[in-house]
Amino acid sequence: MKTFRILTAVLSIALAFSCLKDFISETQTARDTESATIETGVLTKTSLSGKEVHWTSDDLIAVFDDLDGKNTFTITHTSGSYAQFAGSVTRGTTQIYAVYPENLAVSASGSTVKVNIPANQTSKAGSFAEEHNISVAKAAKTPGVKAIGDVTFNNVCSYLKF
């Protein structure tokens with residue numbers, strides 16, 4: 001009789017977890033997204049070439065939309081301080097915050113953007129540590145329009161050149 005009760009309890013728990021798993025997977029539906037592109041302004045970014053700051057071909061940015069959270073945009077074209085990025089945002093988004101580098105971006109809520117600043121940074125001759133020059137941009141997004149426009153990233157921190 002004890003074995004029967006234990007077996008019944010185990011089966012009841014298994015059934016409960018099975019139902020919970022189905023409920024969680026049903027509530028985590030894929031969000032409705034639309035493609036978007038970002039074109040950067042000319043006064044931004046990631047490596048030094050003389051006195052100009054340039055984007056590099058493998059740069060990624062985090063784009064936080066006002067409806068759902070963090071999206072990763074990849075670079076599709078770069079020429080010195082100009083770059084174009086592509087990705088997707090939640091359909092209906094009207095405002096975005098973009099953060100470089102993508103891997104340091106944590107979250108955005110309202111007008112607050114959180115990033116991790118690495119405790120250790122390695123210097124690079126004639127430049128600064130790549131993927132450590134944190135830059136942030138804010139832009140309006142017209143729902144249904146792919147291009148977000150000329151987005152200017154502003155450096156959050158400063159750098160020293162030796």
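Predicted model: local features only at pLDDT ≥ 70, side-chain atom pairs only at ≥ 80, totals over all residues.
Q: What does D32 form a salt bridge with?
A: With R91. The closest N and O atoms of R91 and D32 are 2.9 Å apart.

Q: Where do the two sit in the chain?
A: R91 is in the loop between β6 and β7, and D32 is in the loop between α1 (2-27) and β1 (33-40). The pair links distant parts of the chain, 59 residues apart.

Q: And R91, what's its relative accessible area?
A: It is 44%, so R91 is partly exposed.

Q: How many salt bridges does the count come to?
A: Four. One of them is between the side chains of E34 and K141, at 2.9 Å from N to O.

Q: Which parts does the E34 and K141 pair tie together?
A: E34 lies in strand β1 and K141 in the loop between β10 (135-140) and β11 (147-151), so the bridge ties together parts that are 107 residues apart in sequence.

Q: Are E34 and K141 buried or exposed?
A: Both E34 and K141 are buried.

Q: Which residues are linked in a network of salt bridges?
A: D32, E34, R91 and K141.

Q: What about K70, which side chain does it meet?
A: The side chain of E102, in a salt bridge of 3.6 Å from N to O. K70 is in strand β5 (residues 69-79) and E102 is in the loop between β7 and β8 (105-109), 32 residues apart.

Q: Switching to rings. How many aromatic pairs turn up in the whole structure?
A: Three. W55 and F85 make one of them: edge-to-face, 5.0 Å from centre to centre, with 70 degrees between the planes.

Q: Where are W55 and F85?
A: W55 is in the loop between β3 (52-54) and β4 (60-65), while F85 is in strand β6 (residues 82-90). They are 30 residues apart, and the pair links distant parts of the chain. Both are buried.

Q: How does W55 sit against Y100?
A: Edge-to-face, at 5.8 Å centre to centre and 80 degrees between the planes. The angle counts as edge-to-face because it is over 60 degrees. Y100 is in strand β7 (residues 95-100), 45 residues from W55.

Q: What are the accessibility values for those two?
A: W55 is buried at 4% relative accessible area, and Y100 counts as buried at 1%.

Q: Which residues do the ring pairs link into a cluster?
A: W55, F85, Y100 and F153.

Q: Now the open sheet. What order are the strands in?
A: The order is β11-β1-β6-β5-β4-β7-β10-β12; that makes eight strands, with mixed pairing.

Q: Which are the edge strands?
A: β11 and β12 (154-155), each of which pairs on one side only.

Q: How many bridges join β5 to β6?
A: Five, and the two strands run antiparallel. H77 stands opposite Q84 in β6.

Q: What about β8, how many bridges join it to β9?
A: Four bridges join β8 to β9 (residues 112-115), also in an antiparallel arrangement. S107 stands opposite K114 in β9.

Q: What does G110 do in that hairpin?
A: G110 takes a positive phi near 60 degrees. The hairpin of β8 and β9 has two residues between the strands.

Q: Last topic, the largest nonpolar core. How many residues, and which have the most contacts inside it?
A: The core has 18 residues, and I38 and I61 have the most contacts inside it.

Q: Which strands each supply at least two residues of this core?
A: β1, β4, β5, β6, β7, β10 and β11.

Q: What does I38 touch?
A: Leaving out residues up to four places away in sequence, I38 touches I61, V63, F73, A83, Q84, F85, I96, I148, G149 and V151.

How values were computed
Residues numbered from 1 in each chain as written. Heavy atoms only, no water. Phe/Tyr/Trp six-rings, centres within 6.5 Å; stacked < 30°, edge-to-face > 60°. Buried < 20%, exposed > 50% of the residue type's maximum accessible area, 1.4 Å probe, protein only. Pairing = 2+ DSSP bridges. Core = buried A, V, L, I, M, F, W, Y, C linked by side-chain atoms within 4.5 Å. Contact = heavy atoms within 4.5 Å.
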